[in-house]
Amino acid sequence: MERKKYKLTAACIFICMAIFLSAPAQKHYSQEIYRAYISGDIDGWERVIATLEASGTPTVAHKLELAEYYYAHIGYLLGVGRKKEAKFFNEKAETLIDNILAAEPDNVTATSLKGIFIAYKMEQNKIKAPVLGPQCIKYIKKAHSLDPANIQALSDLGNMYYHCPAVFGGDKAKGMKYLREAARSMENRSLSEGNWFYLNLLTILAEYEVESGSIDNAREIYEKVLRLEPDFIRVKNQLYPRILIDAPRD
């Protein structure tokens with residue numbers, strides 16, 4: 001799945017990520033999603049969404065899993081300019097998250113995802129950024145305050161700080177610090193293998209390293225990704241070769 005296109009331009013909009021991983025709950029379609037992610041299979045991703053929708057999402061775990069896949073898919077749709085479809089899925093995603101929060105107001109993952117779906121709405125209507133931007137920040141910071149170790153909250157907070165303008169509290173270095181913390185937490189919890197979110201998180205970090213001019217750091221991250229998953233098409237065929245061209249080894 002092409003991820004570079006996911007980076008959005010409005011304040012506090014970020015690469016999809018993203019996506020929940022803090023809870024140890026077993027996901028029902030993790031293998032299908034992982035294969036779709038590393039191979040760039042958008043149709044496969046959409047089939048999982050359709051299957052989960054058809055199931056009626058009977059539990060909170062089902063609902064959060066569907067919200068995670070909505071999150072990634074909406075980011076893709078916005079990245080390729082399919083805003084009408086993105087709006088359709090974003091409305092469904094917000095309804096789903098509001099349903100969870102009505103029953104569990106302090107659900108950390110749902111709180112952070114609420115901020116993300118507001119951010120997506122802001123990307124679709126930038127004139128509302130002065131209103132929606134603070135709402136996005138409020139939910140993501142609330143999630144982190146509820147559980148500072150929550151991987152979703154750490155990741156979203158990192159991306160928020162990285163992409164927000166400095167005048168609104170943005171800080172790229174601080175953002176990357178939280179993203180690295182999220183990655184380390186996944187490694188420490190043995191959540192890094194066969195996990196599309198972990199690969200996506202490392203890829204985001206590598207792209208931010210490139211943006212900061214730290215090509216050697218980016219190369220190290222991409223090599224780490226390919227050791228873990230040699231068949232990750234986007235890194236293998238696009239991002240890593242580009243690094244080698246930009247800064248070839250001696």
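**Local features around helix H8**

Ser190 is exposed, at 66% relative accessible area, where exposed means over 50%, buried under 20% and partly exposed in between, with a 1.4 Å probe and protein chains only. A word on provenance: this is a predicted model, in which local features need pLDDT of at least 70 and side-chain atom pairs count only at pLDDT 80 or more, while totals for chains, interfaces and linings use all residues. Residues are numbered from 1 along each chain as its sequence is written, and side-chain values use heavy atoms, leaving out hydrogens and water.

Ser190 sits in the loop between H8 and helix H9 (196–211); helices here are DSSP runs of H or I with at least four residues, numbered from the N terminus. Although Ser190 is not a glycine, its phi is positive, about 60 degrees. Most residues other than glycine have a negative phi.

Which residues gather in a patch of positive charge on the surface? They are Lys141, Lys174, Lys177 and Arg184. Helix H8 (residues 172–188) gives the largest share, three residues. Lys141 belongs to helix H6 (residues 129–146) and is partly exposed because its relative accessibility is 41%.

Finally, Cys164 lies in the loop between helix H7 (151–163) and H8. Cys164 is buried, with 7% relative accessible area. Its C-alpha is 9.2 Å from that of Gly133, 31 residues away in sequence.

Notes:
Patches are made of residues with over 30% relative accessible area and no salt bridge: like charges are joined within 9 Å, nonpolar side chains (Val, Leu, Ile, Met, Phe, Trp, Tyr) within 5 Å. Accessible areas come from the Shrake-Rupley method with a 1.4 Å probe; for residues, only the protein chains shown count as cover. A salt bridge is a side-chain nitrogen of Lys or Arg within 4 Å of a carboxyl oxygen of Asp or Glu. Lys and Arg count as positive and Asp and Glu as negative; His and the chain ends are not counted. The place of a charge is taken as NZ of Lys, CZ of Arg, CG of Asp or CD of Glu. Helices (H or I, at least four residues) and strands (E, at least two) are DSSP runs, numbered from the N terminus.
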